[in-house]
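Here's a quick tour to read alongside the picture. Keep the viewer open and look for each spot as we get to it.

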Amino acid sequence: MNSLHDKIAIVTGASRGIGKAIAVRLAAAGAKVILTATSQDGADKTATEVNKSGGDAVAKVLNLSNPTEIAEFISSVHKEFGRIDILVNNAGITRDNLLIRMSPEQWQEVIDVNLSGVYYAIRAAAKPMMRQRKGKIINITSIVGQIGNAGQVNYSAAKAGIIGMSKSVAKELAARNVQVNCVAPGFIETDMTKDLPEDVKTDLVAAIPAGRMGAAEDVANAVAFLASDETDYITGQVINVDGGMVM
Ligand code: NAP
């Protein structure tokens, strides 16, 4: 397991699913994890689990649709812990609908949380990382941002936006030894996918060369790799964790 001993890592949206698996994985590798959810209860559940298994996690509330809250949160983490080594922008939502039925509210809500929220978090964390001359920013995008998906015009636009933004930020921060990469999950078993009708799931799995849905831990392993010092010469990349769905 890569050593993240003493690293200060932020993971957003870690109450469940992929974010929770990332928090558990980074903590198992030795990082102190500041994990967030929209409620204290949700964040506490993951932090308690991490701490019970010998890890070190701190639970915080963060709503990514509020730019002021995001900037204040990142700055408070920096003040409290002295540095920010790893920022994992994982939190995300869906508000699916076909284009012609998609309301401006559904569009805006997803863009606010999934794209603008990531921008505000990166913007706030970039300064301390640049001063440290060290940092890892890992953004969770989706294969849908690469290939599109009917019913997800808002979500795929946000996820494609994350990829473009990450590459631009990677170029801006590379000389300061801050790496910015994306992980693009395919079809992963979490709350986000659990309500899909069984026939849709069967069709989706049939399109996955690996022949199964992914686990949140599959995504967490890729994030742990990108968070490690072994990847200081990798930036602006997208690693797909999708069982071969997109290649
Ligand atoms: P999930 O199970 O629905 O969990 C979403 C997380 O985001 C929760 O911790 C939730 O916190 C948090 N969150 C929701 N709204 C938020 C807001 N406004 N501000 C801050 N945090 C908020 O989702 P998941 O499947 O683990 O997905 C995690 C990431 O992977 C997302 O970016 C998603 O787009 C991406 N992804 C997932 C899949 C998949 O197949 N599951 C595929 C590709 C990409 P609360 O519990 O407090 O609501």
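In which segment is aspartate 6 found? You'll spot aspartate 6 in the segment before strand 1, which covers 8-11. Keep in mind that this is a predicted model.

**Backbone angles to look at**

- Aspartate 6 isn't a glycine, yet its phi is positive, at about 70°.
- Is aspartate 6 buried or exposed? Its relative accessibility is 61%, so aspartate 6 counts as exposed, because the cut-off for that is over 50%.
- Arginine 133 also has a positive phi, of about 60°, and it is not a glycine either.
- To find arginine 133, go to the loop between helix 4 (104-132) and strand 5 (135-140).
- Arginine 133 has a relative accessibility of 45%, so it counts as partly exposed.

**How helix 1 meets helix 2**

- Helix 1 (residues 17-28) packs against helix 2 (residues 40-52) at an angle of about 25°, and their axes are 10 Å apart.
- Why call helix 1 roughly parallel to helix 2? Angles under 35 degrees count as roughly parallel, so the angle of about 25° puts this pair in that group.
- The crossing of helix 1 past helix 2 is right-handed.
- On the helix 1 side, Lys20, Ala23, Val24 and Ala27 make the contact, while helix 2 brings in Thr46, Glu49 and Val50.
- Sort the residues in this contact of helix 1 with helix 2 by class and you get 4 nonpolar, 1 polar and 2 charged.

**The nonpolar cores**

- In soluble globular proteins, nonpolar side chains tend to be buried together.
- Here, the largest nonpolar core has 37 residues. Ile10, Ile74, Val77, Leu87 and Ile137 are the ones with the most contacts inside this core.
- Which elements give two or more residues to this core? They are strand 1, helix 3 (67-81), helix 4, helix 6 (153-173) and strand 6 (178-185).
- Helix 4 gives the most to this core, with 10 residues.

How values were computed
Residues numbered from 1 in each chain as written. Predicted model: local features only at pLDDT ≥ 70, side-chain atom pairs only at ≥ 80, totals over all residues. Heavy atoms only, no water. Helix = DSSP H or I, 4+ residues; strand = E, 2+ residues; numbered from the N terminus. Buried < 20%, exposed > 50% of the residue type's maximum accessible area, 1.4 Å probe, protein only. Axes fitted to C-alpha atoms, helices over the stretch in contact; angles between N-to-C directions. Parallel < 35°, antiparallel > 145°, perpendicular 65-115°, else oblique. Left-handed = near helix turned anticlockwise from the far one by under 90°. Contact = heavy atoms within 4.5 Å. Nonpolar A, V, L, I, M, F, W, Y, C, P; charged D, E, K, R; others polar. Core = buried A, V, L, I, M, F, W, Y, C linked by side-chain atoms within 4.5 Å.
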